[in-house]
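Good morning. Please look at the model on the screen while I talk.

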Amino acid sequence: MTEARLRTFVTLAETGSVREAARRLYVTESAVSAAVASLARELGVPLVRRAGRGLALTPSGTVYAGYARQVLGLLEQGRAAARGAADPGRGPLRLAAVTTAADQLVPDLLAGFRARWPDVELTLEVGPRREVWGALAAHAADLVLAGRPPAELEATVLATHPNELVVVGSPALAASFSLDTTPWVMREPGSGTGATAEAYLAERDVAPPRLVLGSNGAVIAGAAAGLGVALVSRDAVGARLADGRLTVVDAPGTPLDRPWHAVAGADPTATTRLFVRHLLDAPGWSAP
């Protein structure tokens with residue numbers, strides 16, 4: 001059981017295709033098939049089965065793929081920790097951020113960090129909360145910038161930043177706002193902001209019309225265009241509030257306090273801590 005075989009199996013699990021896995025890994029299709037077959041023989045159970053023109057995981061394969069991802073993540077994290085311990089300013093750093101945090105916080109943070117530590121090997125993954133917390137759980141990310149981490153996740157909160165959620169809309173729509181009937185524009189299921197908006201409405205037992213849009217920018221633009229009201233970070237709409245394109249709606253129970261969290265695993269690498277020290281020097285961030 002080698003790292004190469006594990007990586008081949010995980011890639012096949014993600015793609016469902018020997019051809020696509022071979023293309024991603026720059027190996028032959030026969031090499032992919034041989035690697036997965038060898039793993040199955042070692043384990044004594046089938047890992048994949050035919051599904052139309054592609055492949056699907058067996059129940060055993062699905063379970064094993066989760067462990068394989070964690071093993072690969074731990075190996076990568078171990079390499080990062082070793083290199084960072086030798087010289088934190090030249091180590092790797094794998095960041096993950098939810099979309100809203102990536103829009104609002106990450107650009108300035110990365111620009112400042114790059115200026116101070118240009119030799120850090122920095123990567124950034126942006127996705128919905130489920131993906132970024134999954135990356136941390138699988139040891140595929142060193143630091144996550146998102147909302148509060150799930151209770152079941154083994155995590156270390158290293159810094160927080162205030163984040164106030166407000167309901168906004170165009171001035172015309174805000175003037176006639178009704179919690180029961182005014183339409184809402186919101187993010188797709190899986191988005192942290194979208195889940196917060198849905199929970200807010202459910203807590204008040206109302207079901208207004210909803211328009212689901214695929215990005216924070218689209219939600220804010222839709223609200224400014226009068227398509228509906230939206231629950232968003234005040235920081236994300238500061239310019240539109242200032243020029244009058246949006247106004248804060250006096251919705252019951254708002255604003256909501258939903259601070260950002262910088263979260264690592266149980267044993268942050270030296271390079272991760274270097275980034276956190278930079279982050280704590282930035283406006284608004286503080287140690288928990």
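This is a predicted model: local features need pLDDT of at least 70, side-chain atom pairs count only at pLDDT 80 or more; totals for chains, interfaces and linings use all residues.

Residues are numbered from 1 along each chain as its sequence is written, and side-chain values use heavy atoms, with hydrogens and water left out.

First, the helices. A helix here is a DSSP run of H or I with at least four residues, and a strand is a run of E with at least two, numbered from the N terminus. The axes of helix 6 (residues 106–116) and helix 12 (residues 270–281) come within 10 Å and cross at roughly 120°. Axes are lines fitted to C-alpha atoms over the stretch in contact, and angles run from 0 to 180 degrees between N-to-C directions. Helix 6 and helix 12 are therefore oblique to each other; oblique is what remains once angles under 35 degrees (roughly parallel), over 145 (roughly antiparallel) and 65 to 115 (roughly perpendicular) are taken out.

On the helix 6 side, the contact residues are Leu109, Leu110, Gly112, Phe113 and Arg116, and they meet Leu274, Phe275, His278, Leu279 and Asp281 in helix 12. Contact means heavy atoms within 4.5 Å.

Now the pocket. Which part gives the most to the lining of the largest pocket? Helix 4 does, with six residues. Helix 4 spans 59–86, and helix 1 (3–15) and strand 3 (92–98) are among the others that each supply at least two.
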